[in-house]
Amino acid sequence: MDRDIRNIVILTGAGISAESGLATFRGPDGLWEGHRVEDVCTPVALARNPALVHRFYDERRAKLGGVKPNPAHEALAALDAAWPGELLLVTQNVDDLHERAGAKRLIHMHGELRSALCAACGKAVSWTASLPPETACTGCGKSRLRPDIVFFGEMPYEMDAIDDAIRRADLFVSIGTSGAVYPAAGFVQTARHVGARTLELNLDPSAGSFYFDESRMGPASVLVPQLVRELLA
Ligand SMILES: [Zn+2]
């Protein structure tokens, strides 16, 4: 790193968890574990077929028990623990591999598999089991619990906090995500606007590569530990 860096924002996407064995959100066939995203990831789908949507996320949640953080998650957790300046990890992933690796300064902008959200009272609770649609909320007693996942058409979480952090950032890093789809494309543009250095780590060149000062291509499990060594050197 060739300039003084104090504040860092790191965006992570499906590419970082793919190496732990979790299916990327949209596979080459355009499906997520055999389902059209429209059938499992929209408010309309949840209203139309709650049993299918709940079962889909129950399966995804159950799968977390069989995977573990990889060296990319571990390196980011080590950076979080050691970095003296501001640092914010923003993940698009709904798995819990960052926190299981030990990351603390973390925002799940698209929600979490291991959380249930009450559509009636808004209470979110930690959830590790399956979540049948008739489950009653411990806050209000209504049977309106749903997977705490930000569906298409819903507002991602903590956008103000993310925007504030990016506006103070000296370095913005995007890992394992195309960077071309909003809001991620907006993040790198904001970072550029405030003069932050922008770096992309990706398996393949992405459609968003031209937004970044630098693009490094390769597996996250190799590139991320290397970047963390550079930053902590
Ligand atoms: Zn409730």
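**View 1. The zinc site is tetrahedral, with angles of 105 to 115 degrees among its four donor atoms.** Four donors count as tetrahedral if all angles lie between 85 and 135 degrees. Ideal angles for four tetrahedral donors are 109.5 degrees. The model is predicted: local features need pLDDT of at least 70, side-chain atom pairs count only at pLDDT 80 or more, and totals for chains, interfaces and linings use all residues. Residues are numbered from 1 along each chain as its sequence is written, and side-chain values use heavy atoms, leaving out hydrogens and water.

**View 2. Cys118 (SG), Cys121 (SG), Cys137 (SG) and Cys140 (SG) are the protein donors of the zinc ion.** They lie 2.3 to 2.4 Å from the ion; donors are N, O and S atoms within 2.8 Å of the metal (3.2 Å for Na, K and Ca). Their spacing along the chain is C-x2-C-x15-C-x2-C. Cysteine 118 and cysteine 137 are both buried (under 20% relative accessible area, 1.4 Å probe, protein chains only).

**View 3. Ring pairs join Phe56, Tyr57 and Phe151 in a cluster.** Rings of Phe, Tyr and Trp (its six-membered ring) pair if their centres lie within 6.5 Å; planes under 30 degrees apart are stacked, over 60 edge-to-face, the rest tilted. Phenylalanine 56 and tyrosine 57 have ring centres 5.0 Å apart and planes at 90 degrees, so this pair is edge-to-face. Phenylalanine 56 is buried at 1% relative accessible area, and tyrosine 57 is buried at 0%.

**View 4. The charged end of arginine 146 sits over the ring of phenylalanine 151.** The distance to the ring centre is 4.3 Å. The criterion is NZ of Lys or CZ of Arg within 6 Å of the ring centre and within 35 degrees of the ring normal. Arginine 60 lies over the face of phenylalanine 56, 4.7 Å from the ring centre.

Note on methods. Tetrahedral: all angles 85-135°; square planar, octahedral: opposite > 155°, others 65-115°. Buried < 20%, exposed > 50% of the residue type's maximum accessible area, 1.4 Å probe, protein only.
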